Amino acid sequence: MNLAIVQLTRQDQLILRAVQESFESMGIDVDIVLQPIGPHIGSLDWERVQFNAETMFRWFRTQCSEILAGGYDSTAGIAEVDAYLGGYEYILSMASRGVSLNFTARLDNRDVSLYVKRVKKLVLNSWGRSQGITHEGGGKCLFSEIRTVNDLDGLPEEPCPRCRSGLQISTTKVSL
Ligand SMILES: [Zn+2]
């Protein structure tokens, strides 16, 4: 499996490397697209001062079509912006059919090590959904559904056996 990470806003190298290492610990090859491609200003709701996640995701999917055609199984976008969906105050990620998009502005970058860990968990979690995985059954796993930053912090580093085999991940513990 291979994945292209796409920056919508320029990310610190430290963060990109950390995310890359997490995926590599699961046996997934990662390439990072160096030039940021966004964010998509057309998705900005000027009254809310927040991006419309659905509009931005549609745009991002179009942007990714060339990357996916170029031989990648999946793409994961990282945007340090705040986004909303429907009636929710904010949303952290969107994912479907090989494409995931992560909104990191709510993750609070004042504590760098906590921030890096949150970004890694978020990107991995939404990538799982982009591969069609939804965690089922009791207990929590790295691929459990999340909505808030608290939910994200509560995610364990271990994927459950079911998700692991669904995603063909070799490791029992992901490097976070
Ligand atoms: Zn699971």
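This report walks through the fold of a predicted protein model, from the overall picture down to a few single residues.

## The big picture

Let's start with the parts list. The protein has 5 helices and 8 strands.

How does the radius of gyration of the protein fit with that of a compact globule? A compact globule of 176 residues would have a radius of gyration near 16 Å, and the protein has 15 Å, so the two agree. Along its principal axes, the C-alpha trace spans about 45 × 35 × 30 Å. Buried residues make up 41% of the 176 residues. Now look at contacts between residues with a separation of 6 or more: 63% of these involve residues 24 or more positions apart.

## The sheet

Next up is the sheet. Here 5 strands form an open sheet, in the order β2-β1-β5-β8-β7, and the pairing is mixed. Which strands stand at the edges? They are β2 and β7 (93–96); each has a single partner strand, so one side of each is left without a neighbour in the sheet. From one strand to the next, the twist averages 15 degrees.

Strand β7 pairs with β8 (residues 99–103) in the antiparallel sense, over 4 bridges. Together β7 and β8 make a hairpin, with 2 residues between them.

Two helices pack on this sheet. Helix α1 touches β1 and β2, and its direction makes about 160 degrees with that of β2. Helix α2 (residues 53–69) touches β1, β5 (74–79), β7 and β8, and its direction makes about 135 degrees with that of β8.

## Helix α1 up close

Helix α1 covers residues 13–25, which is 13 residues. From its first C-alpha to its last, α1 reaches 18 Å, close to the 18 Å expected at 1.5 Å a residue.

Which residues of α1 are buried? They are I15, V19, S22 and F23. Seen down the axis of α1, these buried residues fall within an arc of 95 degrees, so they line one face of the helix.

What do the buried residues of α1 pack against? Their partners are β1 (2–7), β2 (29–33) and α3 (112–130). On the face turned away from the buried side, you'll find the exposed residues Q13 and L14. After the helix comes G27, whose phi is positive, near 85 degrees.

A few spots in the backbone deserve a look. One is the cis peptide bond that joins G38 and P39, with omega about 0 degrees. You can find P39 in the loop between β2 and β3 (44–45).

Then there are two residues with a positive phi. R97 has a positive phi of about 40 degrees although it is not a glycine, and R97 sits in the turn of the β7–β8 hairpin. Is R97 buried or exposed? With 11 C-beta neighbours inside 10 Å, R97 counts as exposed, since the cut-off for exposed is 12 or fewer.

The other is Q168, with a positive phi of about 55 degrees although it is not a glycine. Q168 lies in the segment after α5 (161–167). Q168 counts as exposed because it has 11 C-beta neighbours inside 10 Å.

## A stop at K140

Where is K140? Its place is in the loop between α3 and α4 (149–153). K140 has 15 other C-beta atoms within 10 Å, so it is partly exposed.

Setting aside residues up to four places away in sequence, K140 touches G154, L155 and P156. Also compare K140 with C160: they are 20 residues apart along the chain, and their C-alpha atoms are separated by 7.8 Å.

Technical notes:
Residues are numbered from 1 along each chain as its sequence is written. This is a predicted model: local features need pLDDT of at least 70, side-chain atom pairs count only at pLDDT 80 or more; totals for chains, interfaces and linings use all residues. The radius of gyration is taken over C-alpha atoms; the globule rule is 2.2 Å times the number of residues to the power 0.38. A residue is buried if 20 or more other C-beta atoms lie within 10 Å of its own, exposed if 12 or fewer, and partly exposed in between; C-beta atoms are placed from the backbone. Two residues are in contact if their C-beta atoms, placed from the backbone, lie within 7 Å. The expected span of a helix is 1.5 Å times one less than its number of residues. The arc is that of the directions from the helix axis to the C-beta atoms. Two strands pair if DSSP finds at least two bridges between them. Axes are lines fitted to C-alpha atoms, for helices over the stretch in contact, and angles run from 0 to 180 degrees between N-to-C directions.
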